[in-house]
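Keep the viewer open as you read.

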Amino acid sequence: MKKTVWKNVWQTGATLVFLIGLWIAVWAIVGNDSIFPPFGASVKAFFSYFVKGAFWRALGGTFLRVLFAFFASFIFGGGLAFVAYLCPAFARIFAPIVTIIRVLPVFAIVFMLLAWTNAIITPALVAFLSLFPMLYTAFLGAFSGVDTNLVEMSKIYNVPLKKRITKLYLPSVAPFVVKEIGAGLSFGVKLVVSAEVLVQTRKSVGALVLETQYLYEELAQTFALVIAVCLIGFLLECLGAMLAKRVERWLQ
């Protein structure tokens, strides 16, 4: 266990050193702070945001949209995937709809939703429409991987559906689905922030990014916000991986 932890720490540290070295190398090659800021200035700008109340309010608003989009996608994706698993006819009918949602251009979705709703709701809906097909497919694949022999036995012995869900399906799909939580949340952060920039959502991380675009001498602040978004996504993926391991141990 300790060896695994130290190995992960060492690998993460090596990756950070490589990325910092790459940043410094690109900055040295470009040689223009207004195009590519130095690493030190970006880190300083990154920490300066921690003492700003506006940053925490923006982060809170963005994170609430991410949570709404993810859990709505999780619930609807999981529920409809279970229905599709139990009813193949529904799966065949619903498959083209999922495909259409998956291939819809993000820009088209953004502007359509902005016309129908507002800049506060649109980023969450954009993330939902992008996450839903991904989670639906993941859930459907997980349900399809449930042991068919156990499913048939439960039907032969007339096991109630509620008991089958809690005792058969959930334990079988939980490890697979939990692994998607961290990736889904981190992807949701990216989607929500991008949409916030496009629709200019007030009091959001996207709005802060947009503000820095008009200050060419403050490009380090833009990179600082990018660092913050990447760090949030990384932490969410780590939490998802930790949760997945706990679930796997609990089910063993």
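H3 passes H8 in a right-handed crossing, that is, with the near helix turned clockwise from the far one by less than a right angle. By class, 16 nonpolar, 3 polar and 3 charged residues make up the contact of H3 with H8. Here Ala, Val, Leu, Ile, Met, Phe, Trp, Tyr, Cys and Pro count as nonpolar, Asp, Glu, Lys and Arg as charged, and the others, Gly among them, as polar.

A word on the source: this is a predicted model, in which local features need pLDDT of at least 70 and side-chain atom pairs count only at pLDDT 80 or more, while totals for chains, interfaces and linings use all residues. Residues are numbered from 1 along each chain as its sequence is written, and side-chain values use heavy atoms, with hydrogens and water left out.

Two packed helices are described by the angle between their axes and the distance between the axes. For helix H3 (residues 53-86) and helix H8 (residues 161-199), the angle is about 140° and the axes lie 8 Å apart. The axes are lines fitted to C-alpha atoms over the stretch in contact, and angles run from 0 to 180 degrees between N-to-C directions.

## The whole protein

The protein has 10 helices and 0 strands, where helices (H or I, at least four residues) and strands (E, at least two) are DSSP runs numbered from the N terminus. Along the principal axes, its C-alpha atoms fill a box of roughly 70 × 55 × 35 Å. Of the 252 residues, 36% are buried. Buried means under 20% relative accessible area, exposed over 50%, and partly exposed in between (1.4 Å probe, protein chains only).

Contacts (heavy atoms within 4.5 Å) reach along the chain: among those between residues at least 6 apart in sequence, 75% join residues at least 24 apart. The accessible surface comes to about 15300 Å², and 73% of that belongs to carbon and sulfur atoms; the area is from the Shrake-Rupley method with a 1.4 Å probe.

Back in helix H3 you will find phenylalanine 68. Its relative accessibility is 48%, so phenylalanine 68 counts as partly exposed. From isoleucine 24, phenylalanine 68 is 44 residues away in sequence and 37 Å away in space, C-alpha to C-alpha.

## The loop between H8 and H9

Now to the loop that leads from H8 to helix H9 (205-213), where threonine 201 lies.

| Residue | Relative accessibility | Class |
|---|---|---|
| Glutamine 200 | 52% | exposed |
| Threonine 201 | 0% | buried |
| Lysine 203 | 62% | exposed |
| Serine 204 | 1% | buried |

Not counting residues up to four places away in sequence, threonine 201 touches Arg65, Ala119, Ile120, Pro123, Glu196 and Ala207. A polar atom of the threonine 201 side chain lies 2.6 Å from the backbone oxygen of alanine 119. Serine 204, also in this loop, is in contact with Ala58, Thr62, Arg65 and Glu196, again leaving aside neighbours within four places in sequence.

The backbone deserves a look too. Most residues other than glycine have a negative phi. Glutamine 200, however, has a positive phi near 60°, and lysine 203 has a positive phi near 55°.

How values were computed. Polar contact = N/O pair within 3.5 Å; in protein donor to acceptor, adjacent residues only side chain to side chain.
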